Amino acid sequence: MWSELRRLKADTDYGTPPRDGAPVALEIDGVAVTVPAGSSVLLAATEAGSQVPKLCACDTLEPFGSCRVCLVEIEGKRGYPASCTTPVEAGMVVRTATPRLQALRRGVLELYLSDFPADEIEGGWSEFHQTLEQVGVRSHPYGNAGASHAGAAVDQSNPYFLFDPAKCIVCSRCVRACEEIQGTFALALQGRGFDTQVVAGQNQPFFESDCVSCGACVQSCPSQALVEKSLFDGATDHATATAT
Amino acid sequence: MSSPAHLHAPPSAEPAVMELERLLTMAGQIGDFFAPYPPERAAEGVRNHLRSYWEPRMRAALLAHIEAGGHGLAPQVVAGARLLQDEAAAKKSYYGPPKA
Amino acid sequence: MPLPLQPERSVVTVCAYCGVGCALEAQTRAGRIVRMLPWKEGKSNHGHSCVKGRFAYHYYNDPDRVRTPLIRDSIDEPWREASWDEAIAFAAAGLRGVQQRHGVRAIGAVSSSRCTNEEIYLTQKLARAVFGNNNIDNCARICHSPTQFGLSATIGAGAASQHFDSILQADVILVVGANPTEGHPVFGSLLKRRVRQGATLLVIDPRRTETVSSPHCQATVHLALRPGTNVLVLNSVAHVIVTEGLYREAFVRERCEWPEFERWQALVSDPRYAPEVAGPEAGLDPEAIRTLARRYAAGPNSAIYYGLGVTEHSQGSTGVMCLGNLALACGMLGREGVGVNPLRGQGNVQGGSCLGSWPHVYSGYRFVSDPEVRASFEAGWGVALDPEPGLRLPNMFDAAVGGDFRGMFIMGEDPVQSDPNQNHVIAAMRNMEFVVLQDLYRNETSKYAHVLLPGSSALEKDGTFTNAERRVSRVRQVVPPLAGLQDWEVVVRLMNAMGYATQYRDAGEVLLELASLTPAYSGLSFELLERIGSAQWPVDAKAPEGTEVLHLERFPRANGLGTFMLTGYVPTTERCSERYPLLLTTGRILTQYNAGTQTRRSANSQWHPEDVLEISAADANARGIRDGEQVQVSSRFGSTQLKAVYSQRVNPGVVYTTFHHAESRVNALTSDRSDWATNCPEYKVTAVEVLRVAAPAGVSAASTQASEVLA
């Protein structure tokens, strides 16, 4: 765990935690790179200068592999594995930006977008918005008739941050942050498929759960479903405000 | 533990810096710490502590009390405080936490 | 929902709360702070923070902030506003006036552990070079001064031997008298990570705190000892280690004073400290003591983390020495993953210790009575200095009541709320003729002040903080100081007004001066910190970018060897009696910070709107107290009212409360007992009685009393 924390950089997200280990040499998009054994292909790609789009991966958290955005092609292996959950092997040859991969990523992101508030796409600056920009997705072809989470109630019980399930992409970064970084285990994913949702405690408002309001989940949330109340126009100073 | 009986400063001293009872309690506590040590080291430990950590008026008040009988003070405290007046002991020029 | 607005500017600075000293990015928009984001490259926090540093920053523009200097001739008059020049001149004249009437040693100063290293250095220089005495103290007096004393005696340095990350290499973690999950949350999270990886956790604490038991993190042994029995229990642990031959003889022979080890070995081998004898006396199972001792000694890497549950006792310094002795005997020093680590509470209390904000030492822990050291400071400051140790803060109050101490300069400190034996402190403050207070808000102490100078928060100034792992980091100004001056600029003005001409271009110049007079800080400068972010002292010619782990080859004592101190158990004189049959101990909670000055002015009070008294169901039932009822809590020294709450975390015979709210007046209860070496107050042991407020006739709640007969 030594390297995981001590090699983090403020201006770079490696995608998965840095590791200690014997050097492993591989090739990413034609660039030779050497990383410690145990590193992910995503980390190696970042080291090699390839910007692989991602959503559920973050270098302060153990990889989860749920978002299906960081897919890559690896010579000699079938399919399109997630680079965050694939450990490096000596001699691997990896491609991160083929037309097939672009198409797959676009498809995945369009699906995410179809269940995202339409009026919060233009002008957004969250990590999700930046990834959309990176892949070149601005709209989706699915119309507005299908089921969505648009009407979900916003949890404002915590005085400092809110949780808007309509923007949640169920990447579980918040759950992992609460477990791995803070160690409180206040959050969980409940339900299956379309009904999967992030819950605090026993499906309680955040303030009533075991949440200690450390803000690690807010910091890790890529879509600003969890976001600081102080970032909104007209936010009152909490010295005089009561909980809304 | 000590239980001081005389609580007024001798007439020749400057105004008391604090109540004598409090001073004697503190001195007694220092003596209790050094009690497990052999007598010479205990006395030196007390001397060094008073010299390094006590304000001069506090030391003077303690010495005045000792001159007036030293009621309720353990032997190592009396011996250590008396060493403060010994020029030879002062020349050791060590100041700091207790050591061998 | 509307879109959140993006911050415009970002400044990396250090959290103003606890001794973890998280690196935070203060993000602003249109001149207002809109978010504090943990900085990933912060070496003490690695991108994590807690509810306080992350969210509770709104205190900085709270309406209660003191915005102009205030002065008055007597504490019975209302305040009147004044300009900076007028207030500084009034303060200077007032302090000098006291000296003219009562002598040079009749005034003193207290620096603030919430202020920067540069400000603390200037405050102790104010006392020494300008007041002309050594009456300067800091709040470590009431928390970790025994750490200074006890660790200096055994291993030569009164500071954490490791950096925080070192815990990731520990196999056994021994936590004594500390609750990191609430007091040092980010470090607590790191501790939990390591325990989830398989390290063994051992805890010595009267309460079943969250550190003892939380999801996926359980202590293997928890010694819930009776408050006041630390040295007894630690000697018993030592007894096991010594009599079962578990100590590392090679380490002791090579790196310690062997004759002193033998002396210590004889003391702790005494049957009086056998677990079968000491255990029941402390309320513990002897087998648990044996298990803890064996696990700690076995390691291979055992690390000690301790807090105020060790220091705030009448044998505080002795307790710290016990920990030093244990680590030396078992060879748990001088590499990663081990060590003796005091969890310093305040953001810059370590700085206060390092920079000589003490009556007995100058910066760098060098004694004022030492003529050579004094000469170097006289040369550096251009003025003759008092050769005698000054008064400690508790002794300043004693001297105000019993002697002729009559004036104070208090920076960022609220002794009336924070110091023990409140009635005594108030009596002392009433006896003062002139008190200058520099703070963010009016507080309990300002009721007794004659000058109130507006302080500046950590968000409003430049300088450095030193955290609990000796890490010096840059505090960077995010917004301008509310009243126009940074705290260090105010101290410089006061120095000039009192006749000591001095000036500095910026805080960086102050750092260079203090570095030249403090060996462990000699290589520090703003330029170095811009380049590498932070550095753990010693930062000097041998270690230009700082030192992560101490004691690698030698201990900083004169002969380079560690030593063993004789730690005989002396029970505190604060004992239960028929009148006061319970023991009160105190602690902290996550969301509030110390006296609550900052956190009570944030939404954190939603979690902890009042201090409550935790009482076991057995004790409550015996007194007819219902869960949630108001109770009268009384000690020999005073009385107050709190809400009682049933708790399974305290054993029968022990009650517990926090002290974050001024209205609770918890320090009306705490005693006048203190550590033998440093006068650190014995906050952790107070004999009390707890009764229902609507008590039946004939049972009276105690009020201020003279000494009681002890049972």
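## Helix 7 and helix 10 of chain C

Helix 7 of chain C and helix 10 of chain C cross in a left-handed sense. The model is a predicted one. Helix 7 covers residues 230-243 and helix 10 covers residues 275-282 of chain C. Their axes come within 9 Å, and the crossing angle is roughly 160°. Angles over 145 degrees count as roughly antiparallel, and helix 7 and helix 10 of chain C are therefore roughly antiparallel to each other.

On the helix 7 side, the contact is made by C:Leu232, C:Val233, C:Ser236 and C:Val240. Helix 10 of chain C contributes C:Pro275, C:Ala278, C:Gly279, C:Glu281 and C:Ala282. Sorted by class, the contact between these two helices has six nonpolar residues, two polar residues and one charged residue.

## The barrel in chain C

Chain C also holds a barrel, closed by six strands in the order 23-27-24-26-25-28. The pairing in this barrel is mixed. From one strand to the next, the twist averages 45°.

One of the pairings joins strand 23 (residues 582-587) to strand 27 (residues 654-658) of chain C. These two strands run in the parallel sense and are linked over five bridges. Within this pair, C:Leu583 has C:Val654 in strand 27 as its bridge partner.

## Contacts between the chains

Which chains share the most contacts? Of the two pairs of chains in contact, it is chains A and C. Chain A and chain B do not touch, and their nearest C-alpha atoms are 37 Å apart.

Between chains C and A, 40 residues of chain C are in contact with 37 residues of chain A. On the chain C side, strand 3 (32-38), helix 1 (51-55) and helix 6 (185-196) each supply at least two residues. The residues on this side of chain C comprise 19 nonpolar, twelve polar and nine charged.

Between chains C and B, 29 residues of chain C are in contact with 26 residues of chain B. Helix 4 (145-154), helix 9 (258-269) and helix 16 (393-402) of chain C are the elements that give two or more residues to the side touching chain B. Helix 16 of chain C has the largest share of that side, with four residues. By class, the side of chain C that touches chain B has eleven nonpolar, twelve polar and six charged residues.

## Domains of chain A

Chain A is divided into domain 1, residues 1-148, and domain 2, residues 161-231. The C-alpha centres of these two domains of chain A lie 21 Å apart.

Where the domains meet, 17 residues of domain 1 of chain A are in contact with 15 residues of domain 2 of chain A. The domain 1 side of this contact consists of eleven nonpolar, three polar and three charged residues.

## A hairpin in chain A

Strand 6 (residues 187-190) and strand 7 (residues 197-200) of chain A pair in the antiparallel sense, over four bridges. A:Leu187 has A:Ala200 in strand 7 as its bridge partner.

Together, strand 6 and strand 7 of chain A form a hairpin with six residues between them. In the turn, A:Gly191 has a positive phi of about 90°.

Conventions:
Residues numbered from 1 in each chain as written. Chains lettered and ligands numbered in written order. Predicted model: local features only at pLDDT ≥ 70, side-chain atom pairs only at ≥ 80, totals over all residues. Pairing = 2+ DSSP bridges. Axes fitted to C-alpha atoms, helices over the stretch in contact; angles between N-to-C directions. Contact = placed C-beta atoms within 7 Å. Nonpolar A, V, L, I, M, F, W, Y, C, P; charged D, E, K, R; others polar. Parallel < 35°, antiparallel > 145°, perpendicular 65-115°, else oblique. Left-handed = near helix turned anticlockwise from the far one by under 90°. Domains from an automatic or database assignment.
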